[in-house]
Amino acid sequence: MSAVRRRGSRLPPTVWDSLLPALLVLNIATTRGPQDLPEAAAFTAALALPLVWRRRAPLAVFGTVAAVAFVQWLMDVQLPADIALLVALYTVAANAGRRATLVAGAVVEAGALLACLRWTADGAFLTPFVAASAMAVAAAVLGVNVRTTRAYLAAVEERAARLEQQQEQQARLAVAEERARITREMHDIVTHNLSVMVALTDAAVYAQHRSPEKATAAMLQISETGRQALTDMRRSLGLLRTDEPDAEPDGERHPLPGIAQLRALADQMCAAGLPTRLEVHGGHTHVPATAQLTVYRLVQEALTNALKHTPPGTRANVRVRCSAEDVTVDVTDSGPCPPSSGSTPSGATPSGSTPSGATPSGHGIPGMRERAAAYGGTLRAGPLPDGGWGVRTRLDLGGGTEAPA
């Protein structure tokens, strides 16, 4: 039976719609006498054959069948093919709107009334009329249920397709966000550590003949900086490959850098030639790890810019204020300010600053702004009234609206 159903479902609907007309014509051909056969066969064919096209044009088929049935009633011919009216009514209810269904039902009900008035015996009008009316109502209700079910399934399919599309969009957005995060991390790690290594290398070359001890210390610091860069890169990229174990000696992952690691960062910048003063006000144990990473990266980027773009003798100050609601980060340096208009001289402007008239370049300031925006903050970077440059932002720990910088 399953094989028969599968094969039957492959047949076109027209084949199934042809079965009832064929059965009705066969019934007339085998039950009517030779004198009544031509007239009965003609009316049967006129009533049943339009059902073959009922799915394509339900209203036209119903009108044709109703017209033929009315002519049949006028000529006083009773036929089993009158069931075609119920099939046509069902088709209208299943494919047309409510108004068309009501009109078709009224037509069938009128036909049932006329048929019962003419062809029922005296005193037996009510029972046949109720039976015919019940069959008409059943056909209409069944068609309406089919139409409603079809509309419901279509709505469910549309909703499923819409949800699938939304999921694909969310997946693409997640991939894009992850790529942006990795890009920011790699930019911060590579730029900072390479800048420190270049500065230490220059210092080692300068001191190799005059002070070999300082040159050796600088080379050791370069080696340590390189190892730290590799550790940071492995930590960031290791999140993408959970099947690869960490290569640390103790087999455990190091925590992400945060506010507690700012002291080591300041010492590293001092060793690279940028004297850095660090002030941390308030406890930071309640600050989420991701917010602490944001603070660390903002300070790292600002100090790297100061190291790269300011002359020797520049000093930097880092102030971090932690409270229950927010974290404020201020990074200032004493380097010279670039011109306020025109192109910015090379080496004068940190990539995290955008003076008036200058065109920002690189990924420094966009990355810093994206990090700050993730915690409802905006970044402000530019010249200070008393000279030097400053980077300031405030991270909202409450997850509220965007906080002013």
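Leaving aside its neighbours within four places in sequence, with which residues is Thr 294 in contact?

Figure 1. Thr 294 is in contact with Arg 371, Tyr 375 and Leu 395, its neighbours within four places in sequence being left aside; contact means heavy atoms within 4.5 Å. Thr 294 belongs to helix α11 and counts as buried at 7% relative accessibility. Buried denotes under 20% relative accessible area, exposed over 50%, and partly exposed the range in between (1.4 Å probe, protein chains only). The model is predicted, so that local features need pLDDT of at least 70 and side-chain atom pairs count only at pLDDT 80 or more, whereas totals for chains, interfaces and linings use all residues. Residues are numbered from 1 along each chain as its sequence is written, and side-chain values use heavy atoms, with hydrogens and water left out.

**Figure 2. Overview of the protein chain, with its twelve helices and five strands.** Helices (H or I, at least four residues) and strands (E, at least two) are DSSP runs, numbered from the N terminus. Of the 405 residues in the chain, 38% count as buried. Among contacts with a separation of 6 or more, 66% come from residues 24 or more positions apart.

**Figure 3. The open sheet of five strands, in the order β1-β2-β3-β5-β4.** The pairing in this sheet is mixed; two strands pair if DSSP finds at least two bridges between them. Strands β1 (276-281) and β4 (380-383) stand at the edges with a single partner strand each, so one side of each lacks a neighbour in the sheet. On average, neighbouring strands are turned by 10° against each other, direction ignored. Helix α10 (residues 262-272) packs on the sheet, where it touches β1 and β2 (316-322), and its direction makes about 170° with that of β1. Helix α11 (residues 289-309) lies across β1, β2, β3 (326-333) and β5, running at about 10° to β3. Axes are lines fitted to C-alpha atoms, for helices over the stretch in contact, and angles run from 0 to 180 degrees between N-to-C directions.

**Figure 4. Strand β3 and its pairing with β2 and β5.** Eight of the eight residues of β3 are buried. Asp 326, Thr 328, Asp 330 and Thr 332 point one way from the strand, while Val 327, Val 329, Val 331 and Asp 333 point the other way. β2 and β3 form a hairpin with three residues between them and pair in the antiparallel sense over seven bridges. Within this pair, Val 320 stands opposite Val 329 of β3. The pairing of β3 with β5 is also antiparallel, over eight bridges, and Thr 332 stands opposite Gly 390 in β5. Strand β5 (residues 389-396) pairs with β4 in the antiparallel sense over four bridges; Gly 390 of β5 is the bridge partner of Gly 382.

**Figure 5. Packing of helix α7 (residues 98-119) with helix α8 (residues 126-207).** The two helices pack at an angle of about 165°, with their axes 9 Å apart. α7 is therefore roughly antiparallel to α8 (angles under 35 degrees count as roughly parallel, over 145 as roughly antiparallel, 65 to 115 as roughly perpendicular and the rest as oblique). Their crossing is right-handed; a crossing is right-handed if the near helix is turned clockwise from the far one by less than a right angle, and left-handed if anticlockwise. Contributors from α7 include Val 108, Ala 112 and Leu 113, and those from α8 include Phe 129, Ala 136 and Val 144. The residues of this contact divide into ten nonpolar, two polar and three charged. Ala, Val, Leu, Ile, Met, Phe, Trp, Tyr, Cys and Pro count as nonpolar, Asp, Glu, Lys and Arg as charged, and the others, Gly among them, as polar.

**Figure 6. Packing of helix α5 (residues 58-74) with α7.** The axes come within 11 Å and cross at roughly 15°, which means that α5 is roughly parallel to α7. The crossing is left-handed. Residues of α5 in the contact include Phe 62, Ala 66 and Trp 73, and those of α7 include Ala 104, Val 107 and Trp 119. By class, this contact has twelve nonpolar, one polar and one charged residues.

Figure 7. Leu 20 is partly exposed, with a relative accessible area of 27%. With neighbours within four places in sequence left aside, Leu 20 is in contact with Leu 51 and Val 87. The C-alpha atoms of Leu 20 and Ala 84 are separated by 8.7 Å, the two residues being 64 residues apart along the chain.
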